[in-house]
Every structure is written in C-alpha cells, then in structure tokens.
Amino acid sequence: MRKNRFYLSMTALVFICALLAAGCGAPSNKPANQETEMKEEKVFTIAWQRDIGVLNPHLYNSQMFAQDFIYENLLKYGKDGKIEPALAESWEISEDGKEYTFTLRKGVKFSDGSDFNAEIVKKNYDAVLKAKDNHSWLELVSQIESTEVVDPYTFKITLSNPYYPALQELTLVRPMRFLGAAGFPESGETSEEIKEPIGTGPWVLAEHKKDEYAVFVRNEHYWGTKPKIDKVIVKVIPDGDTITAAFENKEIDMIYGSGLISMDTFNHLRESGNYDTQISHPLLTRVIGLNSNKGVTNELPVRLALQYAVNKPEIIDSIFYGTEKIAHSLFAKNFPYCDINLEEREFNLEKAQQLLEEAGWKNPAGKEFREKDGKTLEIDMCFDGANNIDKTIVQILQAQYKKAGIKLNLIGEESQSFAQRQKDGNFGMIIGETWGTPYDPHSMVASMRAPSHFDYQAQAGLPMKKEIDEKIGQVLITTDEVTRQQMYNEILGTLHDQAVYLPISYTTNIAVYHKNVEGVEFNNSYEIPLINIDKK
C-alpha cells in the first residue's frame, strides 16, 4: 500500500509542477488560504431493511421517512399535537367548518428552482383527487368537494362536511404533499408514475441503486432551517445482525427505528457504554388482528381465549427490557377520545382453556392440540419476516398458545406479500401496529371501512360490522364534542368486546449512535428527523 501511495504522490507532484509552470507569472484570483478554508463534507450514514422505493408523494410504494426527506405539506404536526405552519403560513376556517383557506409561504422553491405557489398546490391536490380509489383509507380525500386558487399565494379547499380531523390529515407524510411541476408525467397522472422526485423539503435524491443504497444531498433551495450535514446515505441491509455489525464497524452512524434490530441487541449496545442511545415516548400500539371472517377465529370464544392465553408480562420482560408498556386497548388512553374504561384482559390460562372447552374445543388424550369435529385448533399467524421484534414476539406466542392447546403456524414473508395479506384477509392472526400520531384514532378508525389494512378484514365477519361503519362515518363529521366522545365510546367499546384486536404493548422508537453524533430526536414513527443532527 505504501508503494501505491508513493506512485500516486509522484504523479500528483508532476501534474502540479506542470500547472505551476504553465501559469508562471499569471495573476491568481484565488485566496492564498483557499485550501485551508475548504469545508470537509459531512456524510451521515444510516441503514434500512428495504429499498426506499420510487418516492412518488401520491402513492404508497416508498419508505415514508424517505418521502418525508423530499416532500412537504401545508402544515406539520408539532409537539403535543399542535398543528403548526409549514408551506402554509396561516389558515382560516369558515363558520360552517367546510371551507379552509390557506395563505401560502412566499419565496419557497422546489429543489429544481421552480416556484411553489397556489397553482402547484392545486395541481397536486387535483392529481390525488383524480385517483380517489387509491386513497379510500383517508377520509379527507373523500370529503374534499373542490379546490380553488384564490390568488397566487392563497388556496382554498371546500369540504362536503365539517370534517373535524382535516388539519391533522394535512400533516401526513402521504398522499397530500407536493411534487414540482417538472416531476409530473406528460399524462399528469401521478397515480401511474412520476418523472423524478422534486420537492420543497430539506433533501434531494442524488443517487439510488435499488436494493443497495440511496444518497440524499442537502437541498440548497430549502426555505427552512438548513441541515447541518451535507449528505445522507441510506444503506439497504435486510438483516438485523448485519446492521449491528455495520454499526459496530462504523460503516453506519446510527440505528434508528423499531424493528431494525432486536431489543436484546439494543440492550447489549446500550449497556456496552460505547455508544449513545435514546428511547422515545410511546408512539403507537403493537397489536395483533384476529380475523373474524375466516377459520377458527370467526368464533368469539376462540378470540377471547386467544386474549387470555397471552402472557404479556413475559413478552415485555424477555423482549423489551422494560422499554415498552403492556397494552390493554387498541389505543392508549392519552390519545384523543380514547380514555375509555375497557376490561383489561390479564393473562389467565385457566380462563382461556375454559372458554375453549365450552366452545367445544376439547383436548384429546395423547394429543398436543385441541380438536372439534375432527378439526385441529390451528391458526396461521402472519408477520413481516424482516421485522426482528415481531419475529420474536410470534415465536413466544407460539409457545404460549401451545400450553392452551392452540397450534400457531408462523408465516413470515417479505413486506409486499405481507401487505397483500392484510388487504385480502388471507390470515388468521396478523401482527401490526396502530398508526400513531397524527393518525390515531380518527384516520385508523376511518380506514376500518375499506379493505386497505388488516382492520377491515379483522372486522369483516362481525354481525354488527355495518352498524360500526355507519357510526364511524358519523363520528368523523359530528361537530358536537360530547356526541363525538359517546360515539367513540361505542365504536371502540364494541371492537374491544368482540376481541378482534389483541393489544401487546405501547411501542417506542429506539436510536443508538456513535458518540460523535449529536442532535438526535424523535417526532413520530414515520419520520427520521435529521435537520438538527450533526457530527463532531
């Protein structure tokens, strides 16, 4: 290696001498100390389990944190749930709650230098509204009746009803964020494709090699606080152990987010003292959907038995080392309209067995699993095979359910197949999460009426499904707080009584990073906020 460096140095020296000879006597406009003033580029490297995707702001085939790097919305969801200005400086709501008028921020440019104004806002919103079927989970899209450019920096939305979560849903990562005009395809149909990801956000996609890495550089046109680092590299590393090895070898600067590594690994890294770590406040609920429309889980006694047969303290202690708390309801009580008195179903193996016996599921002598009418009590448990935490949870559940005579078949798949199972209902049980802030409870509850996530399929077999959906439609547009709370009591109470959700824990995010990194913070589970991150 020394020999190679010597030859390179000699080559460089000859080249420099030639330049000096050619320029001898010529005046120089460069300052003498230019070389010492050159700023070293700050590169920050993270890992993710999957490719970032195509980064279309109006679709769902991209990683949300990467979309958030590039695209912005009119508003943002601040701390403690406060709605704050983003690309809109201010807004007014009509007395009837149907018209929202936004005053847009002036001087904002997209990463290609083009102007952000009311015309491009309308162009984006109209593209989303033209493909409404793609966004059936998002009630706001269904509620928008018209869009209007009032003047170059004033934009108005008219709703068909006074939809109370409208402002919150205007903070979401997708699909209501803005693509620059040059990014639109010739057809204008962003539901099909985009030319390139052009946004107003702090980062620009500079390079992307599918399933290997993506490189983001700072958006020099960004109107807000400029990032302190110059470049972000996202390496695609599917395996948690490989992520950990890359981190320990200083190939990546930070591990950020739930599920990339096991909590056992996180605890090991934390206790080593070699790194800095953080744990967020609870962000959402880790929950298992029970399919009321398929197989043995269409029986209420079986669904109830599945609730009581889970030893949640064992899961919390053996996996999370106290970093997550036991969940007894679909949404934590600190979420709006969710402070409801619901039965806390503690671990009770005897009660689980009794429920199964009464439902006709007997435990034949000499057999491991219960049977009824010659049929084994078995359930397909589906999970994302790349999520290290979920994989461990279902393995523990498999052992716990065996004690009750229930056979759990574990099916771990790649993310696309896993997502398809949620939509088509091809599962008995499926592990997932609520959506967290700013979605819960309204957005997730609204989506329960369409087969876009596992919620619809979990409820599809309930005899009162139609009534639940009708109440959801009503609660989203009622203007009376007392009535709204009562309706949430009824909706969430019914779902709890029907045992179609098995809450496990209130989920947190984790971060572990090298000691030369500072400015790490949490916002919600869909973003990796890098604006304030710096490397010493």
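**Burial and ring pairs**

Tyrosine 488 is buried, with a relative accessible area of 0%, where buried means under 20% relative accessible area with a 1.4 Å probe and protein chains only. The model is predicted, so local features need pLDDT of at least 70 and side-chain atom pairs count only at pLDDT 80 or more, while totals for chains, interfaces and linings use all residues. Residues are numbered from 1 along each chain as its sequence is written, and side-chain values use heavy atoms, with hydrogens and water left out.

**Exercise 1.** Classify the ring pair of tyrosine 125 and phenylalanine 178.

*Solution.* Rings of Phe, Tyr and Trp (its six-membered ring) pair if their centres lie within 6.5 Å, and planes under 30 degrees apart count as stacked. By this rule there are 19 aromatic pairs. For tyrosine 125 and phenylalanine 178 the centres are 5.4 Å apart and the planes stand at 15 degrees, so this pair is stacked. Both tyrosine 125 and phenylalanine 178 are buried.

**Exercise 2.** Classify the pair of tyrosine 337 and tyrosine 488, and state whether tyrosine 337 is buried or exposed.

*Solution.* Their ring centres lie 5.1 Å apart with planes at 15 degrees, so tyrosine 337 and tyrosine 488 are stacked. Tyrosine 337 has a relative accessible area of 15% and is buried.

**Exercise 3.** Which residues form one aromatic cluster?

*Solution.* The cluster is made up of Trp48, Phe65, Phe69, Trp203 and Phe216.

Technical notes: Phe/Tyr/Trp six-rings, centres within 6.5 Å; stacked < 30°, edge-to-face > 60°. Buried < 20%, exposed > 50% of the residue type's maximum accessible area, 1.4 Å probe, protein only.
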